Amino acid sequence: SDLEDLHLYATPREQRFRRFASLEFEGQLYMTPYDFIQAVTSDEPKRKQEFYNSKTAKKNELNQILMETPPVWKGSSKLFRNLNERGVISYTEYLFLLCILTKPHAGFRIAFNMFDTDGNEMVDKKEFLVLQEIFRKKNEKRERRGDEEKRAMLRLQLYGYHTPTNSVLKTEGEDLVPRSYWDTLRRSTSQALFSDLAERADDLSSSLSDTTLLVHFFGKKGKAELNFEDFYRFMDNLQTEVLEIEFLSYSNGMNTISEEDFAHILLRYTNVENTSSYLENMRGSIPEEKGITFEEFRSFFQFLNNLEDFAIAMQMYNFASRSIDEFKRAVYVATGVKLSPHLVNTVFKIFDVDRDDQLSYKEFIGIMKDRLNRGFR
């Protein structure tokens, strides 16, 4: 029952990880690649799994799984589907993979440079493990007196080790500034070699169990280094794989999905309570179904990953609503992504609730920021 109670002390991200993770090793929870795909494409796990009902792996089983992990140069946009249950993903890596799903392609180089703390254009295992400490420290800073014991149990379950709490507790009067994990990473890695984080990474590399990502990036002995081209391909493949899975779940073997299905996918994980009004409005505005291809679908979500730049471009105008042509131009100028006229028209029809052929950029961006972060903005 203690383990069930921990859910009350967990953050929404931690709760979701615990709900979908189906593997446990030496007291620590892990996701399989299948679990991760489920967590980012489904509302609930297809099989009911909690910590006290998860499969406990033995050391030899874990080693066998990791021995089957392909090297990074053999990666593809079907990597997670091919691995399926034959892989282990830690909580820290879950946060890292979620970050990847929301990054624009132009930001991949910046992301790589953040890990490359010594500037040699290669990332080694120690540099990558620094993110383990950064994410852990970010989570600990949210704690309050009185829940130290429960949070310590959670840390053991999510990170695999105990850590002291006294040094990281905030006072009640201290202001909390919410930051994304990626922003935390960006701010912290530049100082990583000048703090205890790098030293801590040395301890981690010898004490923590290997995972599928660590073996995929750095080889079975952990001595390989990761170059930018392989890192870029991995990030691009992961984004493509998740989009393919979402698209195929609606396409029923066809080359397109309907405009209504596109609207369903777009409004998932958002703060829109009454989606029916958006769907009814779109049905009346697009009488002839043409369908959305996967390339159109992918280009729209590439645009969403550039949403911040697009928002800045739109704010340069002095009025609140945009026409279709202005929207299309702002998308291309801010992000370099070309959206097809049919796709732009479909997006307009979904969000043009009052049917005046104008798009309220504040409403659109607010809803899309929720969608981009899959409900965890």
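Two residues are in contact here when heavy atoms of each lie within 4.5 Å. Keep that in mind for Val347, a residue of helix α19. Leaving aside neighbours within four places in sequence, Val347 is in contact with Phe262, Phe300 and Phe364. The structure that shows this is a predicted model.

Val347 has a relative accessible area of 1%. Residues under 20% count as buried, so Val347 is buried. Its C-alpha atom lies 9.1 Å from that of Glu259. In sequence, Val347 and Glu259 are 88 residues apart.

Now step back to the whole chain. The protein has 377 residues, and 55% of them count as buried. It contains 20 helices and nine strands. Consider the contacts between residues with a separation of 6 or more: 77% of them join residues 24 or more positions apart.

Nonpolar side chains tend to be buried together in soluble globular proteins. The largest nonpolar core of this model holds 48 residues. Phe36, Phe96 and Leu97 touch the most other members of that core. Helix α6, residues 91–101, gives the most to this core, with eight residues. A second core is separate and has 42 residues. Among its members are Leu243, Leu307, Leu339 and Ile365.

Not counting residues up to four places away in sequence, Phe228 touches Phe108, Arg109 and Phe112. Phe228 and Arg109 are 119 residues apart in sequence, yet their C-alpha atoms are 7.3 Å apart.

Next, look at helix α18, residues 324–335. It has twelve residues, and at 1.5 Å a residue it should span 16 Å. The C-alpha atoms at its ends are 16 Å apart, which agrees. Which residues of α18 are buried? They are Phe327, Ala330, Val331 and Thr335. These four cover an arc of only 105° around the axis, which puts them on the same side of α18. Asp325, Arg329 and Val333 are exposed on the other side of α18. The general rule behind such a pattern is simple. An α-helix has 3.6 residues a turn, so residues three or four places apart point the same way.

What do the buried residues of α18 pack against? Their partners are the helices α16 (294–304), α17 (307–315), α19 (341–351) and α20 (361–372), together with strand β9 (359–360). After α18 comes Gly336, whose phi is positive, near 75°.

The UniProt annotation "domain: EF-hand", from an unreviewed entry, covers residues 103–138 and 339–374. Residues 339–374 are 64% helix and 6% strand. The end C-alpha atoms of that span lie 22 Å apart.

Turn now to the strands. Three of them form an open sheet in the order β2-β1-β3, with mixed pairing. β2 (28–30) and β3 (55–56) stand at the edges, each with a single partner strand, so one side of each has no neighbour in the sheet. Strand β1, residues 23–25, runs parallel to β3, and two bridges join them. Glu24 stands opposite Thr56 in β3.

Two loops hold backbone angles worth a look. Most residues other than glycine have a negative phi. Glu26 has a positive phi, near 50°, and is not a glycine. It is found in the loop between β1 and β2. Its relative accessible area is 62%, and Glu26 is exposed. Asn252 also is not a glycine, and its phi is positive, about 50°. Asn252 sits in the loop between α13 (228–251) and β6 (256–257). At 68% relative accessibility, Asn252 counts as exposed.

Technical notes:
Residues numbered from 1 in each chain as written. Predicted model: local features only at pLDDT ≥ 70, side-chain atom pairs only at ≥ 80, totals over all residues. Heavy atoms only, no water. Expected span 1.5 Å × (residues − 1). Buried < 20%, exposed > 50% of the residue type's maximum accessible area, 1.4 Å probe, protein only. Arc of directions from axis to C-beta. Pairing = 2+ DSSP bridges. UniProt positions renumbered as here; feature names shortened; annotations may be inferred. Core = buried A, V, L, I, M, F, W, Y, C linked by side-chain atoms within 4.5 Å.
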